Amino acid sequence: MDDAAGEEEASMFETSHVLGALLASSPLLARAWDRCTAATAAAPGFVVHGEEDGGKVYVGFSGVQAALSAAGAAVAGGGGGADVFAPVGLGGGRDAAAGRMFAPLVAAEPDPAAAAGEPVAVQALALQCFLKLCSSPDFQMLLNEIRGKAVVFTGHSLGGAIAALAALHYLCISSSSSPWAPVPPVLCVTFGSPLLGNEALSRAILRERWGGNFCHVVSQHDVVPRLLFCPPDAVPTHIIVGMQLHQWPTRTHQTGAVTTVTMRMADTDKDALRQLIQLHVGAVAMEQKLAAPETTGRSPYRPFGTYVLCSPEGAACVDSATAAVQMLYATFASRSSPGAESPEAAHSCYGELVLKMPQHLLLKRRLRVGDTPATPNYDDGVSLALEASGIDAMAMEASTARQWLKTSKRAGRRPSLNCARLATQLGRITPCRAQIEWYKALFDAEMGYYDAFKQRRSPRKYSKVNFNRIKLGQFWDRVLTMLDAGQLPHDFHRRAKWVNAARFYQLLVEPLDIADYHHHGHHRTSGSYMTHGRERRYELFDRWWQEKACTGGAGGDVTSSMSAASASSRRRSKYAGLTQDPCFWARVEEAREQTESARGERDVGELAMKLEELQEFECYSRELVASKEVSVDVLAPQSSYTLWVEEWNQLKLRDEVRTMLLRF
């Protein structure tokens, strides 16, 4: 095992230092920081600055208003942060507006059992200030102006948390208005920002593939990005608020709560503050190492996106939430000269860092030959990353940080390896699919496999097919679980191999799920299959197929409307192997129930509504048949569809029905 790990490391290229160096050498951080300082000086809301080069728009957010609104609470509460920095759920009833503004993140939540019932939640103070900002006409005008442009949202301290919410909102509205379009060119760069959300938010961002849109710059000894690892009731609110107000040029002209908070921050025992943060960040890091369940009373906040850990020596990037926690702890705990830098200086040093880092990188572009025995390039890269993040090679934390940088790299490679293993497993379950195809062919001419399965024809064959149906469902549920957990490549759902495989599985097997649902009478006890019985995997597969259609592939959204399912870019010369609307049989079942209900309906208004719906389905199904978008089993003599056509034709012979249909 060790040899295999050694071979893997020898073949790997350490990228955290390289990416950090690339970022530090670019003008992005310096320009973003300039917008942050302009926003902080302006105090209210945000400032906008367009870039001629490349057409980028920088939007800097101020955290001063957030700090001012929390200053009174910080003074009245004696410094406690239980209310100000308590997590607030986005999907609950407490604030319906927040749920609508971040709908894709809330909708992306998996089943409660899979997520331990944890809803997506964010920091109360940041959310409150963002909602207030979002209701302003200026911000709504900004959203309209930047649509379709490359945008960089940025902010320092509390302004960074608000900038992150603005970026998430912009991504959400872009996703909602055009669900199948590529992610807009958005980047959020924060400097010394406190943690924003819980682990459920981090998972939701991973599921939406938005992790790469966030870049959090953190200096080695900055307390603000690490303070919310403390439990909410132990967070010294006056520190975060005071740090933000410390950056405000006009704070010296303020009185009352502002003066009290800044004085209290200045009087705080700095060593005790460091010990408090180190204790709680270390506890979270240890829980991750041991893979232990979270202890009751711990902080709910967790990182997301890419963390850029910087020092005067350079910068190192980590994009794993677990590695980010470990590196935030290691860099903070590794303090070569205690007392050399005050918390205020560490929190306001970003302007100096973004200017000095490129200069240091130029000075250090040299190879040290002959000083040490030859080591693999990968190990050299890890050493450079540690040095860039400010961790001394002789520090106690260096060994742990080195290990987590390596773990993060392996984790980055793991999605591709997992994808390759899944491809092998997909090949192994092909016989299960073939058994269902054989079962379908067996009943095509008589009643179709949908009705045969629903009526349990040929019990032995039914049992085998049902077993294969369940086995295939379990395989695809495992795939989606891995995808939700970020264990598969970010573009997995866009790869033709997997989109086509999922689509074929859906068209073949979902009719059997519909048959099973109706056989057990769930449509009577629970409601319509399409609204109450459909598995999440089928809804996701519809999205994958629609996205493929919008990027040049074939297909369409077969569930949003019946007209979309009947649309076809070209006419078939023969009937499809599988009916192209996976929910077709659910629609047939609803039509049969509607027809039966219409027979006994005495209310003229109700009858007219039912007849209109039935006529709409008749047009839809006829178009599907005419365009040969259905399989031959749909037209089998004893199929549910054939029986419905007969029932519908008989109903249309009634005088009152014929009269009503003529009006439509």
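Asp484 is found in helix α22, residues 459-484. Helices are DSSP runs of H or I with at least four residues, strands are E runs of at least two, and both are numbered from the N terminus. The model is predicted: local features need pLDDT of at least 70, side-chain atom pairs count only at pLDDT 80 or more, and totals for chains, interfaces and linings use all residues. Residues are numbered from 1 along each chain as its sequence is written, and side-chain values use heavy atoms, with hydrogens and water left out.

Is Asp484 buried or exposed? Asp484 counts as buried because its relative accessibility is 13%. Buried means under 20% relative accessible area, exposed means over 50%, and partly exposed lies in between (1.4 Å probe, protein chains only). Leaving aside neighbours within four places in sequence, Asp484 is in contact with Arg203, Arg207 and Arg536. Contact means heavy atoms within 4.5 Å.

## Helix α10

Arg207 also belongs to the buried residues of helix α10, residues 199-207. Just after α10, Arg209 takes a positive phi of about 65°.

## The whole chain

The protein chain has 31 helices and 11 strands. Of its 664 residues, 52% count as buried. Take the contacts with a separation of 6 or more: residues 24 or more positions apart account for 78% of them.

## Nonpolar cores

A nonpolar core is a set of buried Ala, Val, Leu, Ile, Met, Phe, Trp, Tyr and Cys residues joined through side-chain atoms within 4.5 Å. The largest has 98 residues. Phe61, Phe102, Phe139, Phe153 and Leu196 touch the most other members. Helix α9, residues 158-177, gives the most to this core, with 12 residues.

A second, separate core holds 66 residues. Trp498, Ile514, Ala598 and Val657 are among them.

## Helices α29 and α30

The axes of α29 (residues 604-626) and α30 (residues 640-652) come within 12 Å and cross at roughly 135°. Axes are lines fitted to C-alpha atoms, for helices over the stretch in contact, and angles run from 0 to 180 degrees between N-to-C directions. The two helices are therefore oblique to each other. Angles under 35 degrees count as roughly parallel, over 145 as roughly antiparallel, 65 to 115 as roughly perpendicular and the rest as oblique.

Residues of α29 that meet α30 include Leu611, Leu614, Phe617 and Val625. On the α30 side are Tyr641, Trp644, Trp648, Leu651 and Lys652.
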